[in-house]
Structure formats: structure tokens, C-alpha cells
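Thanks for making time this morning.

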Amino acid sequence: MVKAVIFDLDNTLYDENLYFKSVFNKFLKIHNIDFKLFENNFDDKFRLYSKDIFTDILKKINFYSKENQNQLFELYKSIDCNLKLYDEAYELINYLNNKSINIAIITNGVLEAQKNKVRVLDLEKITNKIVYAREFGKEFEKPHEKPYIQTLKLLSVKKEDVVFIGDHPYTDIIGATKVGIKALRFMNGYASNIEFLHNYNINSLLEVKNFLGENK
């Protein structure tokens, strides 16, 4: 019987592109630049291959400078924007709460930005634990085992009693699998284009209900 469900955050519970669009929209308005320039360059292929989103997109629109990069980064960490969970995520979380199944989130990334996303999405009210992997050090982010092991401790559950859901195979799925947690790969967003053999792929978050055993 599943006692806890652990989620990744970005592109698992909400559309991360909407957060980036809010950041760039505000930045481009400040500099009186057409938002279409951003939209024409920011797609799944870009996300898949970019190692530094702000530097790469600024270079694509011919507006790169260290100052502009820093300004974007500051907006990224603190922007106040309208953001909401996927409808299916909201429905699933309500279902889990009604079943008294613990809910946790493990997220990588810049602490200020990830905490800001959690604030905007109002996630602390509907989850039991939120683990920011960067708090352990960048080298301990997913797929390192540490944030997964720490989350199990915080929830007081065994790995056998947990299901993990994430979209990125090389951080989310590999990390959970290394710890022995059943990992469901949510085929969503740019990461769905990454070829990766895995036994548990889902196309809808509501499919998670099929993996809860006696909780269904």
C-alpha cells in the first residue's frame, strides 16, 4: 500500500514555460522589445539543448550583456506572476489528500526561484513536505540519492511504500530508481522528447491512481 507520493515540481505539477514567459515578458517590456522575439526562439528544442537559458535566449535575440543576464536572473528569482497547477495535478493532489496519502515535492534549482514558484502556486497548503535539493549543495541535486533519502526520512516512510513522479529521465527517474523508489515518468513538456527506456511511463497524472494499490 502506498503511503506517500513524491512529485518533481517543474513540468510535473505545472507548466514551467509559463513562469519563464512571465519573466521574459516583464524584462522585454522594460526594454521595449517585441515579445514575439522571445516566443519565436523559446521552444522544446531550445529547452532541450540549452545549458544556460538566460544567456542563450539573450544571444538569440541579439540583446546579451552581463547586466541584462543579471536583470533576468533577478526577475526569475522573485517575479510575482499568475501561475497555477495543471488541472490534473490539482485533482490528483486532492484525491491523495482525501486518501490521507502523504505528499512531498523534491525540486532542483536556484533556491530563491524554486521557493518563489512554490509561493505563487500556494503549494505549502496542500503538501506535507517540500525538499529543495539545492539546500544540500548543488552537487546533491537530483539525480543524487540524498534528497530522496531525506524526503523518506521526513515522511517517515519506507522506499517500498512510495511512488515518485517526474518528467525528466536523467534527474527525476534515475535518481528515484537508484534509491529503490518506484518512479513514474510523466511524458510531458520538452523532456518527453528524450529517448529513455523505462517501464513506467504515464501520459496523464491521473494514471498515478493505478499505482496506489489498495488505496484506489
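From strand 4, V162, F164 and G166 point one way while V163 and I165 point the other, and all are buried, where buried means under 20% relative accessible area, exposed over 50% and partly exposed in between, with a 1.4 Å probe and protein chains only. Strand 4 covers residues 162–166, and because five of its five residues are buried, it is largely enclosed by the rest of the structure. When I say strand or helix, I mean DSSP runs numbered from the N terminus, of E and at least two residues for strands, and of H or I and at least four residues for helices.

Before going on, please keep in mind that this is a predicted model, in which local features need pLDDT of at least 70 and side-chain atom pairs count only at pLDDT 80 or more, while totals for chains, interfaces and linings use all residues. Residues are numbered from 1 along each chain as its sequence is written, and side-chain values use heavy atoms, with hydrogens and water left out.

Which strands does strand 4 pair with? Four bridges join strand 1 to strand 4, running parallel, and V5 has V163 as its bridge partner in strand 4. Another four bridges join strand 4 to strand 5, residues 182–186, again in parallel, with R185 of strand 5 as the bridge partner of G166. Pairing here requires that DSSP finds at least two bridges between two strands.

Stepping back, the sheet is open and has six strands in the order 3-2-1-4-5-6, with parallel pairing. Its edge strands are strand 3 (129–132) and strand 6 (201–202), each of which pairs on one side only. Strand 3 is joined to strand 2, residues 102–107, by four bridges, and there T107 has Y132 as its partner.

Let me turn to helix 7, residues 111–121, which lies across strand 2 and strand 3 and runs at about 160° to strand 3; such angles run from 0 to 180 degrees between N-to-C directions, and axes are lines fitted to C-alpha atoms, for helices over the stretch in contact. Among the buried residues of helix 7 are A113, K117 and L121, and their cover includes helix 1 (16–30), helix 5 (66–78), strand 2 and strand 3. After helix 7 comes D122, whose phi is positive, near 60°.

In helix 1 we find E16, which is buried, with a relative accessible area of 7%. Leaving aside neighbours within four places in sequence, E16 is in contact with D10, N11, R47, Y76 and K117, contact meaning heavy atoms within 4.5 Å.

Helix 1 also packs against helix 4, residues 53–60, at an angle of about 50° and with the axes 13 Å apart. That makes helix 1 oblique to helix 4, because angles under 35 degrees count as roughly parallel, over 145 as roughly antiparallel, 65 to 115 as roughly perpendicular and the rest as oblique. F20, F24 and F27 of helix 1 meet I53, F54, I57 and L58 of helix 4, and the residues of this contact divide into seven nonpolar, no polar and no charged. In that division, Ala, Val, Leu, Ile, Met, Phe, Trp, Tyr, Cys and Pro count as nonpolar, Asp, Glu, Lys and Arg as charged, and the others, Gly among them, as polar.
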